[in-house]
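Student: I have a chain open on the screen and would like to go through the fold. Can you take some questions?

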Amino acid sequence: MAPPYDQGGVIVRGVHRLKKIAVAASILFAQLSSVAFAQAGASKSVQPKEWPIEAFAELPLMEQPELSPDGRRLAARVGYEGRLMLVIADIFDAKSFHALGLGENDLNWWSWVNDDWLIAGLGAESMVAGMPFHLSRVASIKRDGSKLNLLAKNTAAQNADDVVWMARDGTPRILLSYQTSIYINEPGFWPQVDEVDVTTGRMRNVIPPRANVMSWRADASGAVRIGVGYVDATRTSKLLYRSDGKSSFRVVDQANKRRNESMVTPLLFTADPGKAIASDDRDGTEALYELDLNTLQLGQKIFAAPGFDIGNVVTDDSQTILSGVHYTADAPAVHWFDASLAQIQADLDKAVGNRRAKIVSTSRDHKKMIVHVGSADQPGAYYYYDTNFGAMKLLSNVSGSFGGARLSPVKTIRYKARDGLEIAGVLTLPANRNPKNLPLILLPHGGPFARDSEDWDWWVQFLAHRGYAVLQPNYRGSSGYGTAFAEKAEGQWGLAMQDDLNDAVDWAVKEGIADAKRVCIVGASYGGYAAMRAAQRDGGKYRCAVSYAGVSDLSAMMRYDRRFLNHGGRSDWMRQQAPNFAAVSPINFAGQFSTPILLMHGKKDRRVQVTQSREMAEKLKAAGKTLGKDFIYIEQPLADHFFSRQADRLDFLQRLDAFLREHNPA
């Protein structure tokens, strides 16, 4: 057999290793939150002199709630006893509550199929020939927690969580795209599409595997009409299309990534079978356009957010009409095309004052909805809103400790990098302190193709509460600011991208906000890499550095990534960002580290291997750096990449707090 070509897992033989979710019924919702189903608290409260560190480390009491189609129940991720669980609750009956423990599995997403069943995307790791592979699966769950089906459990290979369609007529049907082999020379490596009855797990094939086609897309009726093919060896893509669910597919477009070519694919099929809606960056930022499926020509621009890329779209019940589009300017925002939703949003905005109201989920008829009300200085709360009565009912605060308190204020600033590029950053200032000559924490985001905005951040608020100004630069290469800004990062990983961070410090000092002699850099993932790079390259600027789950060795990272699908394209992209891995990898310059650094990493991190920090620590020791003085290295035995356990959050904050008190006291 050919070698594995993807991030998969044990196929058929090892699928049993994805542990079945354990169901623990009848945990009262009130146990999770003392404020659940209580009256809404005031939006303002007196900030206590000192919040305990445990308050900042708390997992959210609720996040990403989704309403059932009838608007009576919700499914959400909930922090309970220090770990995250999926809960299903009846909004009108607090005793009808079910919690699903996930064990070692990741909970990636969840969605209602009808009023009685929902589905959830799960992930787990398994070993294949001594190599860790990642499994993805879909589980269907009955609303009362009494039944769980692991879909395609006897046939699925590694990638089996691509749901391309769900019935909207109340029947328990979905279309599932999944692989049946991890080997590229076998037909099952290319995903097939089956119709699945989620109540029984029975499957009926709709689309057989097709060589080089890795993803399928269906219209609102459930007709699979688009196939997207990609050949990593040649970096070429192709688009297969048919006008209905019965005719043959034909190749209608092709692209070569090596020549920077791209294809436009639909975001939404309209009721007209020849029309769709797509996004494109032809004017510099991603915007929404009409798309003619017969000619693949973009038509009228539907919506753009000047200076910013658009995000995900929201559809109506028919899934053929665009209801809204999300985007992030300085803060998260939404544009509603649906007049009724636009009016509801306007009414909510007026009611919440200087906080933000976000409609996070609606019933199928858009009459009932869950609304999050909060701000960048307040974690906020989730409310149930029935438009028939015009009343808001509190479901749960996000934080069990902060309630409606407002913490440290947050705003967007802009500064010029040394080459004249304008960069936005998010500045958080400690509450009730004169914002002059403050100790500064520079906090670059991960990704690096990501960004920060004016939104609640438990980590940032902890640092500000300790008395630090916190600056989060959206350095070149950050997402959301258009194509040209992203391309500014090409060849600049650890170079101009690092200069952007230093220039942010200089801005804060020039503005009188920060004391130039009291600056530390702290970050996770790519932000952790930037912290290592700063300690190695620019130690004179920073009194200390902290890296959580950081990358120290780009070559090792790319070797690790070889087990993931389409590694070749990823490798090309990385070579564009950093043509010389060795020259910008901190692990090769351990002797140059000139400022104390705290290295922390979770042993269960599947995104960035723990060896990235472990070997950096070993190199520092070999270079004569003193453990406990020049560097500290901590492995968290149960931690992942995302702080999914409350105990790991608390441990990190305590060690971060102690390290900063020693090297850059506020």
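This is a predicted model: local features need pLDDT of at least 70, side-chain atom pairs count only at pLDDT 80 or more; totals for chains, interfaces and linings use all residues.

Student: Fine. How many helices and strands does the chain have?

Tutor: There are 11 helices and 36 strands. The radius of gyration is 25 Å, close to the 26 Å from the globule rule for 666 residues, so the chain is as compact as a globular protein of that length.

Student: What box do the C-alpha atoms fill?

Tutor: Roughly 70 × 60 × 50 Å, along the principal axes. Of the 666 residues, 56% are buried. If you take contacts between residues at least 6 apart in sequence, 57% of them join residues at least 24 apart.

Student: Now the sheet with E29 in it. What is the strand order?

Tutor: The order is E29-E30-E32-E31-E33-E34-E35-E36, an open sheet of eight strands with mixed pairing. E29 (410-416) and E36 (631-636) each have a single partner strand, so these edge strands are left with one side that has no neighbour in the sheet. From one strand to the next, the twist averages 20°.

Student: Why is E30 called largely enclosed?

Tutor: Six of its seven residues are buried, so the rest of the structure largely encloses E30.

Student: Further along, how many bridges join E34 to E35?

Tutor: Four, between residues 544-548 of E34 and residues 597-602 of E35, and those strands run parallel. Tyr548 is placed opposite Met600 in E35.

Student: Switching to helices. Which strands does H6 lie across?

Tutor: H6, residues 496-510, lies across E29, E30 (422-428), E31 (438-442), E32 (469-473) and E33 (514-524). The angle between H6 and E29 is about 110°.

Student: Which strands does H10 lie across?

Tutor: H10, residues 611-622, lies across E35 and E36, at about 145° to E35.

Student: What about H8? Is it enclosed or exposed, and why?

Tutor: H8 covers residues 554-561, and six of its eight residues are buried, so this helix is largely enclosed by the rest of the structure. The buried ones are Leu554, Ala556, Met557, Met558, Tyr560 and Asp561.

Student: What caps the N-terminal end of H8?

Tutor: Asp553 does, with a side-chain oxygen 3.1 Å from the backbone nitrogen of Ser555.

Student: Last topic, disulfides. How many does the structure hold?

Tutor: One. The bond joins Cys520 to Cys544, with an S to S distance of 1.9 Å. Cys520 belongs to E33 and Cys544 to E34, 24 residues apart, and the pair links distant parts of the chain.

Student: Which hand does that link have?

Tutor: Right-handed, with 110° about the S-S bond.

Student: Are the two cysteines buried or exposed?

Tutor: Cys520 is buried at 0% relative accessible area, and Cys544 is buried at 0% as well.

Conventions:
Residues are numbered from 1 along each chain as its sequence is written. Side-chain values use heavy atoms; hydrogens and water are left out. Two strands pair if DSSP finds at least two bridges between them. Helices (H or I, at least four residues) and strands (E, at least two) are DSSP runs, numbered from the N terminus. Axes are lines fitted to C-alpha atoms, for helices over the stretch in contact, and angles run from 0 to 180 degrees between N-to-C directions. Contact means heavy atoms within 4.5 Å. Buried means under 20% relative accessible area, exposed over 50%, partly exposed in between (1.4 Å probe, protein chains only). A polar contact is a pair of N or O atoms within 3.5 Å; within protein, one must be able to donate a hydrogen and the other to accept it, and residues adjacent in sequence count only if both atoms are side-chain atoms. A disulfide is a pair of cysteine sulfur atoms within 2.5 Å. The radius of gyration is taken over C-alpha atoms; the globule rule is 2.2 Å times the number of residues to the power 0.38.
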